[in-house]
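Welcome, and please open the model in your viewer. We will go from stop to stop, with something to select at each one.

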Amino acid sequence: MSNPEQGQPPPPSSRPPLPPGGTPPRRNRRRLYAGLLVLLLAGGGWYWYAHRGDATKGTAGGPGGASGPGAGRPGGPGGPGGRAGMPRSPVVVATVAQRDMDVVLNGLGNVTPVSNVTVRAQVSGPLLKVLFKEGQMVKAGDVLAEIDPRPFQAALDQAVGQLARDQALLQNARLDQQRYRTLLGQDSISKQQVDTQDALVRQYEGVVKTDQGNVANARLQLGYTRIVAPVSGRIGLRQVDPGNIVNTSDTNGIALITQIQPIAVMYTIPEDNLPSVLKKLNAGEKLPVQAWDRQVRNQLGEGELLTTDNQIDTTTGTVKLKAVFPNADGMLFPNQFVNVRTRVDTLRDATVIPVAAIQRGQQGTFVYTVDEASKVKVQVVTLGPGDGSRNAVLKGLEPGQRVVVDGADRLKEGMTVEAVDPAARAAATVPASQPRGRGRRNRDGAGWGGASAPRGDASGAAASGASGVAGEQRRHREGGASAPVAEGQRREQQQRQQQ
């Protein structure tokens, strides 16, 4: 048999038998896979493009569903932003006021008791009674504890007996002295005897005085067995229990009494502020002082400045001041940390702005002002004294102008802003302590934290709508895009079964 020419199809007898359909099984299977792949890609692309168009329309239309370029956007022609692509920035503004403002010096200090006394035993002996309660208020002279008085009572009795004996001897010597003087006048005895009797009388007088001192000392020691409060104040925890032997050399004593009414506060101010304080003190004026807690939220008391220290601390450049507070309610506690405010002067009809509005940059101290057209302008100002929350402006502002107190970090000259209510802005801010949701629980554009925060402007509504569209797209990608793939796998499985 002759070989067929190259390029000619083999004779029919040499070809493998075809299936009933007329197409080889392997080629038929490849075509089926290719067709399924094309259908999957086309269906997925169409599905993504259709939902992407819906999302774009929803974003452009905003919450109200309006269409058109820039419709509903905060920065578009249909929204409140003005120029396209330039959304209004929400800010909190405050009005420049004209009022009397106190010039206040702020300092850090500690509460110091006027008197701090450790109650100690002045005689040694067994402690019989403790008559105070820990933490109670005591007055000077109150009996706090008792020591066994019997040994001291016995010593007092001995001293009294000795005194009585020596007083009797002195009395007898004085009677003899009178007799001797009478006999000397009659020239019955010598003068030497009279002089001897006078010396004996003086000797007994000295002995009696010694005995009287011994009696007073014994009585004093007996009185020390009743331990009394030397000052008025709050007594601390007791350091010894009844039944123990107390001594005068005990280190801790029996208790500690702290005088808290009145009470003092030691604090510091910069040395640059010392002249203004000394000027008022030297003029005899009383400077009012306020004590606040650590967070400067609660006022603990009001008092007056007592005096200043006699030297400046060169290491810190500060000077110590001492103020006295009546502390009738006991809110000031010894060794408590406090913030102290001292009013040294009062400015009349001053131009005042909040401290939060003050900005600092290359041009110096400035503020952002907002005019009637909601345009931002940078205004350089000259500051005066302040009181911690407000500051006086000497130059650059007029009463009635509006200044930005929150949201100034993203402002520029000439921007258009929108003033929002501080209460609404605070409500829109989710506290850091609030727990956040872990799933896509809200289907209305609320975010990860649960319910969406309320917004007071169109930009907030647009942001809510955008977040809702983004969430819908994410759900379609996760749930819908997987549907064609599953359908294709099912069809392929059916084809294999048919084959």
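Start by selecting Asn335, which counts as exposed at 67% relative accessibility. Asn335 lies in the loop between β14 (318-325) and β15 (337-354). Look at its backbone: although Asn335 is not a glycine, its phi is positive, at about 65°. Before you go on, keep in mind that this is a predicted model.

**Along strand β15**

Next, select Asp349, which is found in strand β15. Asp349 also has a positive phi, about 50°, without being a glycine. Is Asp349 buried or exposed? Its relative accessible area is 54%, so Asp349 is exposed, the cut-off being over 50%.

**Over to strand β14**

Now pick Val319 in strand β14. With a relative accessible area of 2%, Val319 is buried, because buried means under 20%.

**Two loops to visit**

Where is Val114 placed? Look in the loop between β2 (97-113) and β3 (116-119). Val114 has a relative accessible area of 44%, so it is partly exposed. Show Ile263 as well: the C-alpha atoms of Val114 and Ile263 are separated by 5.4 Å, although these residues are 149 apart along the chain.

From there, select Pro262, found in the loop between β10 (255-258) and β11 (263-270). Zoom in on the peptide bond that runs from Gln261 to Pro262. This bond is cis, and its omega is near 0°.

**Rings to look at**

How many aromatic pairs does the structure hold? There is one. Phe366 and Tyr368 form this pair, which is edge-to-face, with 5.5 Å from centre to centre and 90° between the planes. Both partners can be checked for accessibility. Phe366 counts as buried, at 7% relative accessibility, and Tyr368 counts as buried too, at 10%.

Another ring to select is that of Trp292, together with the side chain of Arg341. The charged end of Arg341 sits over the Trp292 ring, 4.7 Å from the ring's centre.

**The helix pair**

For the last stop, switch to a cartoon view and colour two helices, α2 (residues 150-185) and α3 (residues 191-223). What do you look for here? Two packed helices are described by the angle between their axes and the distance between the axes. For α2 and α3, the angle is about 160° and the axes are 8 Å apart. That angle makes α2 roughly antiparallel to α3, because angles over 145 degrees count as such. Finally, show the side chains where the helices touch. The residues of this contact between α2 and α3 divide into 20 nonpolar, nine polar and nine charged.

Definitions and conventions. Residues are numbered from 1 along each chain as its sequence is written. This is a predicted model: local features need pLDDT of at least 70, side-chain atom pairs count only at pLDDT 80 or more; totals for chains, interfaces and linings use all residues. Side-chain values use heavy atoms; hydrogens and water are left out. Rings of Phe, Tyr and Trp (its six-membered ring) pair if their centres lie within 6.5 Å; planes under 30 degrees apart count as stacked, over 60 as edge-to-face and the rest as tilted. Buried means under 20% relative accessible area, exposed over 50%, partly exposed in between (1.4 Å probe, protein chains only). A charge sits over a ring if NZ of Lys or CZ of Arg is within 6 Å of the ring centre and within 35 degrees of the ring normal. Axes are lines fitted to C-alpha atoms, for helices over the stretch in contact, and angles run from 0 to 180 degrees between N-to-C directions. Helices (H or I, at least four residues) and strands (E, at least two) are DSSP runs, numbered from the N terminus. Angles under 35 degrees count as roughly parallel, over 145 as roughly antiparallel, 65 to 115 as roughly perpendicular and the rest as oblique. Ala, Val, Leu, Ile, Met, Phe, Trp, Tyr, Cys and Pro count as nonpolar, Asp, Glu, Lys and Arg as charged, and the others, Gly among them, as polar.
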